[in-house]
Each structure stands twice: as structure tokens, then as C-alpha cells.
Amino acid sequence: MGAFLGITGVAVVALALGDAIATTVRVGRRGGPVTRLVSGLLWRGLSRLRVSRLRLFPLYVSGMAVTLSIIGLWIAATIFGWFLIFASTPGAILETATNRPADMASRLYYSGYTVFTLGIGDYRPGGTVWQTATWFAAGSGLLLVTLVITYTIPLTTAVSQKRQLARLISGLGSHAAEIVAKGWSGRNFSVLEGWLQSLTPLLARLAEHHLAYPMLHFFHTGDRDAAVGPAVAVLDETLLVLELAVDPDVRPSRLSLDPPRAAIEALLTTIPEVYVNTASEPPPHPGLGLLEEHGIPCVPRSAVRDAFDEVVDERRRLLSLVHHEGWTWEAVDHLPEEAERPEPPVLRRGGR
């Protein structure tokens, strides 16, 4: 029985520390196996709570709840694993005052304060082997605390940069036709091309952040202007309108359209399917009436509809991203195609 407890304890500690290292240090994966499993379960549970007027509340706290739960799980598993190790032998831990073997509750207490390197001293290891085990327990706790601190600080920065990107895109316009109309100078889209080029590295950085910090998937907001899902969907719709609806003679160059499209595609590939249920149907086609009102040369409506029907899979994934963050497609394009749209101001570099 003692050997079984010891082996199990070593396995639990190794799994906890290995998962923490895989999540916080390794880039290009979606966290360790335990993190992926537990975070997926927590996310699905939080998603089911999105009902009635509290629909956005769980999303607002989801990032913090999932992150703290995973960190708490690492700490609890590490302490429990060392408890099993110290419980495997009667004389592993002794009372300092009486030199008698500690009971199970005291061994759990000893494991906890050793992992947190408190060194209180009312219990002591019973021999050289257990002195060495205590040293390893303190080292594992120090490693875990260091990993958590060095992970959460840049994670917070990444969340802030995620919101910043969403606000930049939202500042260009609330839907694709509005951004395209603002960017039309009467002859070309040169100013809008500059904005697209400036947004591309920010999109690429966000995609890399999602790989480096898997918990970033769960940080959402009830503020539409700061929500990256609707913002990225609006930007992608803008790129599609420019590419598929605007006349080729005035359309921006491929060097302006392809890099942000590639960055958005990279971002979409970082979101595991366990967190996003791909929409069964694509969203409705964007309205183009505002483009015609501003005299922007466009291809025939029938050709536009056929072109949008060829990018169904991409738009379904974007709709899924919007749903993942707790929004509907109305946050991306809330007006029907033939609705009368107000005339927006001309987009200028450096502001609206």
C-alpha cells in the first residue's frame, strides 16, 4: 500500500508540473493535456449559463474563472501528490516536539507549507530520504509559483492588447460597408490601404498570443467596441467586400488585402473546435447599398452574391468566432441589405 501511494504521488506531481510547464512555457500548443480537458469542460459549463439577462455575465468572468481554476488545480495537485508521497511511509514525517510519526492531517499540512516554502518547523522529515523529498517538494513549489507569476503578467498584457486591437477596428466603422465607404476618397482606397497594413502585424501578434497563452481564448467582454470577435469579423467582411464587390479598377492591391486575410486565418486556426461549434449556416450577405450611395464602382449584385457563396466556410468560421464571444451577427452587420444607411464621414489616417 505504501509503495502504491508513493508511486501515485510521484505521478500526480509529475502530471501537475508537466502540465504547468506545457501550458506556460511551450509555444505553439494549446496548453497541457489537463489544461485542455479542464478548460474545455469549464468553458462548456459557463456557456450553458448564458441565459436571459445574464447572458454576457459568465463571459465577462470566464477568462478569470478558467485561469484561476487551472492555477488552483496545479497547486492542489502538487500538494496532494506530495501528501501521497509523505503518507507512503509511517516514519516519513515526525512531530518536532515529540518525535512521533505525524498523522495524515498533519502530513497534508506539512505538504502544503513545504510546497509554499514556508518552513514553519513544527514537523520535520524522518531521515535523509525524506529530507531530500522535502527539498524536492519545496523546489517544485518554487518552480510552480514562478511559472504562474511569469505567465499571468504577460497574459494580462495580451488581454489588454486584444481589447486594443478590437477598439482600433471598431473605430474604423461598425460594419463593413461603412468602413469601405469611409475609405473611399472618390478615386481610390489609398488611406484605407494604410490602415489595413497597420492592422496586419497586430492581428498576427494576437494569433501568436493565442498560441502562447491558451487562457486568452476565454477572456471576453460585454463591451462591443472592445470585443475582438465581432471586430475581426467586421474587418474580414470589409476585406471580402473590397475583394469581391468593389470594381477591380479601383480595388486595393493584393498586397493590401492578402496579409490581413492571412493573419485572420492564422487567428481562426488557433481556436480549438472544442471551444467553438462551427455554425451550420453562413451569415447573411453584407449590405452594399451604402457603397452605391457613395458612388463606389461595384461589380453586379449577382456576381457579388455568387462570389460570397464561394467563401461560405470562411464566413461560417467567423460567425462561430462571434458566437464564441457571446455575440450574434447583428454586432457585425445589424442592418439589412436594402436598409437606408446614414452617410459616414470620410476615413482619414490617424482617426475617424
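Biologist: Which residues in α8 meet Glu314, Arg315, Leu318, Leu321 and Val322 in α12?

Modeller: This is a predicted model, and the contact can be read from it residue by residue. On the α12 side stand Glu314, Arg315, Leu318, Leu321 and Val322. Their partners in α8 are Gly229, Pro230, Val232, Ala233, Asp236, Glu237 and Leu240.

Biologist: Are α8 and α12 roughly parallel or antiparallel to each other?

Modeller: Helix α12 covers residues 312-324, and its axis lies 8 Å from that of α8. The angle between the two helices is about 160°. Angles over 145 degrees count as roughly antiparallel. α8 and α12 are therefore roughly antiparallel.

Biologist: Is the crossing of α8 and α12 left-handed or right-handed?

Modeller: The handedness describes how one helix is turned relative to the other. For α8 and α12 the crossing is left-handed.

Biologist: How are α5 and α7 directed relative to each other, roughly parallel or antiparallel?

Modeller: Helix α5 spans residues 128-172 and helix α7 spans residues 190-212. They pack at an angle of about 150°, with axes 10 Å apart. That angle is over the 145-degree cut-off. The two helices are therefore roughly antiparallel.

Biologist: How many nonpolar residues does the contact of α5 with α7 have?

Modeller: On α5 the contact includes Tyr151, Ala158, Leu165 and Leu172, and on α7 it includes Trp195, Leu199, His209 and Ala212. By class there are four polar and two charged residues in this contact. The nonpolar residues number 12.

Biologist: Is Leu255 buried or exposed?

Modeller: Leu255 is found in helix α9, residues 254-269. The relative accessible area of Leu255 is 72%, and the cut-off is over 50%, so Leu255 counts as exposed.

Biologist: How many helices and strands does the protein have?

Modeller: Read along the sequence, the pattern is α-α-α-β-α-β-α-α-α-α-α-α-α-α. Buried residues make up 50% of the 352 residues. The secondary structure comes to 12 helices and two strands.

Biologist: Which element of the protein has the highest mean pLDDT?

Modeller: The protein averages a pLDDT of 85, and 89% of the residues score at least 70. Among the elements, helix α2 has the lowest mean, 83. The highest mean, 94, belongs to helix α8.

Biologist: Where does pLDDT stay under 50, in a stretch for which the model has 18 contacts beyond four places in sequence?

Modeller: Where pLDDT is low, the predicted coordinates should not be read in detail. The stretch with 18 such contacts is residues 338-346. A further stretch below 50, with 11 contacts beyond near neighbours in sequence, is residues 348-352.

How values were computed
Residues are numbered from 1 along each chain as its sequence is written. This is a predicted model: local features need pLDDT of at least 70, side-chain atom pairs count only at pLDDT 80 or more; totals for chains, interfaces and linings use all residues. Side-chain values use heavy atoms; hydrogens and water are left out. Axes are lines fitted to C-alpha atoms, for helices over the stretch in contact, and angles run from 0 to 180 degrees between N-to-C directions. Helices (H or I, at least four residues) and strands (E, at least two) are DSSP runs, numbered from the N terminus. Angles under 35 degrees count as roughly parallel, over 145 as roughly antiparallel, 65 to 115 as roughly perpendicular and the rest as oblique. Contact means heavy atoms within 4.5 Å. Ala, Val, Leu, Ile, Met, Phe, Trp, Tyr, Cys and Pro count as nonpolar, Asp, Glu, Lys and Arg as charged, and the others, Gly among them, as polar. Buried means under 20% relative accessible area, exposed over 50%, partly exposed in between (1.4 Å probe, protein chains only). pLDDT is the predictor's confidence in each residue, from 0 to 100.
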